[in-house]
Amino acid sequence: MTKKVLEVLSGKTISPPPIWLMRQAGRFLPEYREVREKAGSFLDLCYNPQLAFEVTMQPIRRFGFDAAILFSDILVVPHALGRNLRFEEKKGPILDPLSVNEIENLNVEKAQEKLIPSFETLSLLKNALPHDTTLIGFCGAPWTVATYMIAGHGTPDQAPARLFGFNHPEAMKTLLELLADVSADYLVNQVKSGAEVLQIFDSWAGVLDEQSFDEYVIYPINRMVRRIRKVFPEVPIIGFPKGAGALYENFARKTGVTAIGLDWSVPLSFAKKLQKITPVQGNLDPLRLVSGGTALEKGIETILENLGNGPLVFNLGHGITPQTPIKNVERLVKLVRNFNK
């Protein structure tokens, strides 16, 4: 049985295209909220293979998406490196801010051992998913993970991390290389555990100028891709540099990724040009999915009319939001699956 996501990532055009949604396992589902309550804390949910397996499977059972993505969080990597991490309601993740002098104390040796729960979750999923459903592993990109480590929390423009890079360029390079290597090894181990596709989330790529983008986004992700491909030359890797704008093309050409995820601000005329370089994934505005109705229908139709004649994995331009009505997701899947170019 063919796996549509793998077919598209190999460069083929499929109509209608395969579909999955970023954050498809999450708070918009009542069954997820039940498991989350049972788990205790968000981190406990990420580190409990049985429960992480369950919430990964929930959207597959409900919507029949063409891919399942490991349930975890991008910040398990700094946590595995020995940084304190907690999640607070309405505040998000909180870490102890990382200083220049603390970079050398990050516990690289024990990191993969601490990430074993993710590998166990993937092994469970590999054996349980429908045969035509692709299993996706993921991690955060070095720059995005570094922003949280340096500031200790999310910020609107990542000024603390940008200043850190300008004031301590060598320390920033060291940190990004360390994160690239640990994250690449994490992804290699995910493939060994059953992941068939990898996605690298660079959620804060869009706050950087062009020079910083080259140094903080393209260079470390290319380092990751090369390290992964030494072990698994053929594994498809999707890069998602949210907000990269005109720099998406450089990203597509220079990182070595197999495909690129597009945020909803990327013009479809530009996306068509990118599609000639690499398969694309995206890029419906998540709020169209919240709104439903005509806004949803027009958004889907426009994307499929513009990108449906090339290699496309249909997705959102960022993660699904908690207030999304389930009936709108059902409508989305139906509209995409019934599309004829």
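Guide: Two strands count as paired if DSSP finds at least two bridges between them. Strands themselves (E, at least two residues) and helices (H or I, at least four) are DSSP runs, numbered from the N terminus. This is a predicted model, in which local features need pLDDT of at least 70, side-chain atom pairs count only at pLDDT 80 or more, and totals for chains, interfaces and linings use all residues. Residues are numbered from 1 along each chain as its sequence is written, and side-chain values use heavy atoms, with hydrogens and water left out.

Visitor: Why are strand 1 and strand 4 called paired?

Guide: DSSP must find at least two bridges, and 3 bridges join strand 1 (residues 67-69) to strand 4; therefore the two strands pair. They run parallel. In strand 4, Leu 135 is the bridge partner of Ala 68, and Ile 136 stands opposite Ile 69.

Visitor: What is the order of strands in the open sheet, and which strands are its edges?

Guide: The open sheet consists of 7 strands in the order 1-4-5-6-7-8-9, with parallel pairing. Strand 1 and strand 9 (312-316) are the edge strands, since each pairs on one side only. Neighbouring strands are turned by 25° against each other on average, direction ignored. Helix 10 (residues 169-192) packs on the sheet, touching strand 4 and strand 5 (contact means heavy atoms within 4.5 Å), and its direction makes about 165° with that of strand 4. Such axes are lines fitted to C-alpha atoms, for helices over the stretch in contact, and angles run from 0 to 180 degrees between N-to-C directions.

Visitor: Why is strand 4 called mostly covered?

Guide: A residue is buried under 20% relative accessible area, exposed over 50% and partly exposed in between (1.4 Å probe, protein chains only). In strand 4 (residues 134-140), 7 of 7 residues are buried, so the strand is mostly covered. Both faces are covered: Thr 134, Ile 136, Phe 138 and Gly 140 lie on one side, and Leu 135, Gly 137 and Cys 139 on the other.

Visitor: What makes helix 8 mostly covered?

Guide: In helix 8 (residues 142-151), 10 of 10 residues are buried, among them Pro 142, Trp 143, Tyr 148 and Met 149. Just after this helix, Gly 152 takes a positive phi of about 90°.
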